[in-house]
Amino acid sequence: MTSPATDAAGAPDFPEYAPVPAIAKGAALNEHGYHVWQVERNLYAVTDNVYMSAFLTTPDGVVIFDAPPNIGHNIRRAVDEITAATGLTNQVTHMVYSHHHSDHQGASSLFGGDIVRIGHEETRRLLLRDNDPARPVPDVTFSDSYTLETGGERIELAWHGPNHSPDNIYIHFPDHDTLMFIDVVNAGWIPIYNLNLSDDVIGYTGAPAIALDYPWTHLISGHLGRVATREDVAMHQQYIADIEASSREALASVNPGPLFGHYGENVWAGVSAYLDAVTEHAAAPIIAKYTGVLGGADIEVYTRTTTFAIMQSIRLDRGPSGPVHP
Ligand SMILES: [Zn+2]
């Protein structure tokens with residue numbers, strides 16, 4: 001690893017940011033570095049203020065929803081803490097995968113081989129491809145929807161197309177007033193780079209409306225320190241809609257002619273100058289609007305890379321990519 005750049009006095013030259021807005025504040029962590037709380041009845045969430053997973057305690061055993069390695073062994077500690085307090089078994093019987101990504105499932109193998117793992121059929125395919133012993137492939141798979149019934153509880157899993165990843169599913173707890181949907185909306189924060197490192201721009205930007213079609217009060221969204229509300233989803237949608245509008249305006253107003261003219265035969269330099277100018281023009285008002293409103297908004301590279309991805313999707317998916325040569 002390299003060390004951060006230093007200033008003239010030799011002190012680390014870390015960028016400065018505005019204070020985190022109140023809406024983005026995390027939970028108070030215990031001495032192990034986690035916080036676990038009751039979302040609704042016997043459904044609990046656990047966070048380290050960066051990642052979040054969930055579990056359901058029942059008389060027949062515990063169902064875990066995602067096992068981020070960042071939380072790691074603290075998932076077990078959180079389950080033990082809650083089941084000891086409620087007098088229920090701490091035996092884990094099932095694990096549900098929201099999607100295949102290692103940063104959400106890389107602690108799955110800590111729970112051994114003697115549990116039932118459930119995931120989308122594409123999750124299984126991708127995990128077979130990735131061949132990671134930390135993420136055992138799901139034994140039970142589905143294509144469109146699956147109902148898990150265990151311990152007197154019901155959980156509805158559904159796949160509504162690719163979004164953040166090809167296999168990212170909606171996990172609805174109809175009797176807990178809760179939806180779990182990972183890596184799209186961050187409660188109180190903007191997405192990190194490139195729409196939260198997402199594969200499918202159209203799928204990602206359309207997913208929050210699908211999430212809102214479900215009845216729920218609590219959204220477990222996979223990151224940061226609190227469960228999201230419907231208002232958090234609406235703020236996220238507004239942020240994305242603002243980027244879309246700003247990108248369209250920038251595409252219509254930045255003139256590529258002088259940029260390509262300047263670089264002549266180095267056409268790739270012209271492409272870079274043009275797309276960078278459109279991105280900067282589109283992102284600047286969004287960064288200004290959301291700084292102090294949503295966490296991370298003044299970490300400008302996040303909004304710039306998300307804007308670049310949305311602007312490219314406007315050109316390439318929706319079209320037109322540019323004027324037709326006369
Ligand atoms: Zn992911």
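On a 1 Å grid over the protein atoms alone, a pocket is an open set of points where a 1.4 Å probe fits, with protein on both sides within 12 Å along at least five of seven lines, and its lining residues have an atom within 4 Å of a point. The model is predicted: local features need pLDDT of at least 70, side-chain atom pairs count only at pLDDT 80 or more, and totals for chains, interfaces and linings use all residues. Residues are numbered from 1 along each chain as its sequence is written, and side-chain values use heavy atoms, with hydrogens and water left out.

**Exercise 1.** Describe the lining of the largest pocket.

*Solution.* Step one: 23 residues line the largest pocket. Step two: Val 50, Asn 186, Ile 192, His 223 and Leu 224 lie nearest its centre.

**Exercise 2.** State which residues coordinate the zinc ion, and classify the geometry of its site.

*Solution.* Step one: donors are N, O and S atoms within 2.8 Å of the metal (3.2 Å for Na, K and Ca). His 99 (NE2), His 101 (ND1), His 164 (NE2) and Asp 183 (OD) coordinate the zinc ion at 2.1 to 2.2 Å.

The angles among the four donor atoms run from 88 to 173°, and the site is irregular.

**Exercise 3.** Determine whether His 99 is buried or exposed.

*Solution.* Buried means under 20% relative accessible area, exposed over 50%, and partly exposed in between (1.4 Å probe, protein chains only). His 99 counts as buried because its relative accessibility is 0%. His 164, at 2% relative accessibility, also counts as buried.

Note on methods: Four donors count as tetrahedral if all angles lie between 85 and 135 degrees; four count as square planar and six as octahedral if opposite donors are over 155 degrees apart and all others between 65 and 115; anything else is irregular.
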